[in-house]
Amino acid sequence: MKVLQINSVYKHGSTGSIVASIHSYLKEHDVDSYVCYGRGPIQKEDHVFKICNELEAKINHLRSRLTGMVYAGCFISTTKLLIKIRKNYTLMTECNWWII
């Protein structure tokens, strides 16, 4: 089985800690686990990828303050994520993929 988790943070805050715990658990049980996250420091772990740089995050934060459009417009990070999925996970159409 292959699992891809997408979250805004990794190993930080409540959801970041949950993602890290699930990732560790899955690796211990021989499941191919991958994590993509946007904010925080770069993690030097296998199958953990940061997809948003801090400059883009700050620009999106400023734009959301000015326009009121929260969570709408992380175009670069979304494109990076989609490219990474298409490039590395060509078996994604199989039924044994779970995206959390």
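Lys11 is partly exposed, at a relative accessible area of 47% (buried means under 20% relative accessible area, exposed over 50%, partly exposed in between, with a 1.4 Å probe and protein chains only). This is a predicted model, in which local features need pLDDT of at least 70 and side-chain atom pairs count only at pLDDT 80 or more, while totals for chains, interfaces and linings use all residues. Residues are numbered from 1 along each chain as its sequence is written, and side-chain values use heavy atoms, with hydrogens and water left out.

**Overall layout**

- The protein has three helices and four strands; helices (H or I, at least four residues) and strands (E, at least two) are DSSP runs, numbered from the N terminus.
- Along the sequence, these elements follow the pattern β-α-β-β-α-α-β.
- Of the 100 residues in the protein, 33% are buried.
- Among contacts with a separation of 6 or more, 49% are between residues 24 or more positions apart; a contact means heavy atoms within 4.5 Å.

**Confidence**

- The average pLDDT of the protein is 82, and 85% of the residues score at least 70; pLDDT is the predictor's confidence in each residue, from 0 to 100.
- Confidence is highest in helix α1 (residues 13-28), at a mean of 94, and lowest in strand β4 (residues 97-99), at 50.
- Over residues 91-95 pLDDT stays under 50, and the model has five contacts beyond four places in sequence for this stretch.
- Where pLDDT is low, the predicted coordinates should not be read in detail.

**Strands β1 and β2**

- Strand β1 (residues 2-9) and β2 run parallel and are joined by seven bridges; two strands pair if DSSP finds at least two bridges between them.
- Gln5 stands opposite Val35 in β2, and Val9 stands opposite Arg39 in β2.
- β1 is largely enclosed by the rest of the structure, because six of its eight residues are buried.
- β2 is mostly covered, with six of its eight residues buried.

**Helix α1**

- The 16 residues of α1 should span 22 Å at 1.5 Å a residue, and the end C-alpha atoms are 23 Å apart, which agrees; the expected span is 1.5 Å times one less than the number of residues in the helix.
- Gly16, Val19, Ala20, His23 and Leu26 are the buried residues of α1.
- These residues cover an arc of only 130° around the axis, so they lie on the same side of α1; the arc is that of the directions from the helix axis to the C-beta atoms.
- The buried residues of α1 pack against β1, β2 and β3.
- Ser14 and Glu28, on the other side of α1, are exposed.

**Helix α2**

- Helix α2 (residues 54-67) has 14 residues and reaches 20 Å from its first C-alpha to its last, close to the 20 Å expected at 1.5 Å a residue.
- The residues Glu56, Ala57, Asn60 and Ser64 of α2 are buried.
- Down the axis of α2, the buried residues fall within an arc of 100°, so they line one face of the helix.
- An α-helix has 3.6 residues a turn, so residues three or four places apart point the same way.
- Leu55, Lys58, Ile59, Leu62, Arg65 and Leu66 are exposed on the face of α2 turned away from its buried side.
- At the start of α2, the backbone nitrogen of Leu55 has a side-chain oxygen of Asn53 within 3.2 Å.
- Gly68, with a positive phi near 80°, follows α2.

**Loop residues**

- Lys11 lies in the loop between β1 and α1. Its phi is positive, about 65°, although Lys11 is not a glycine.
- Asp30 lies in the loop between α1 and β2. Although Asp30 is not a glycine, its phi is positive, at about 55°.
- Most residues other than glycine have a negative phi, and most peptide bonds are trans.
- Asp30 counts as exposed, with a relative accessibility of 73%.
- Gln43 is placed in the loop between β2 (32-39) and β3 (48-50). With 18% relative accessibility, Gln43 counts as buried.
- Not counting residues up to four places away in sequence, Gln43 touches Tyr10, Lys11, Tyr37 and Val48.

Key. Polar contact = N/O pair within 3.5 Å; in protein donor to acceptor, adjacent residues only side chain to side chain.
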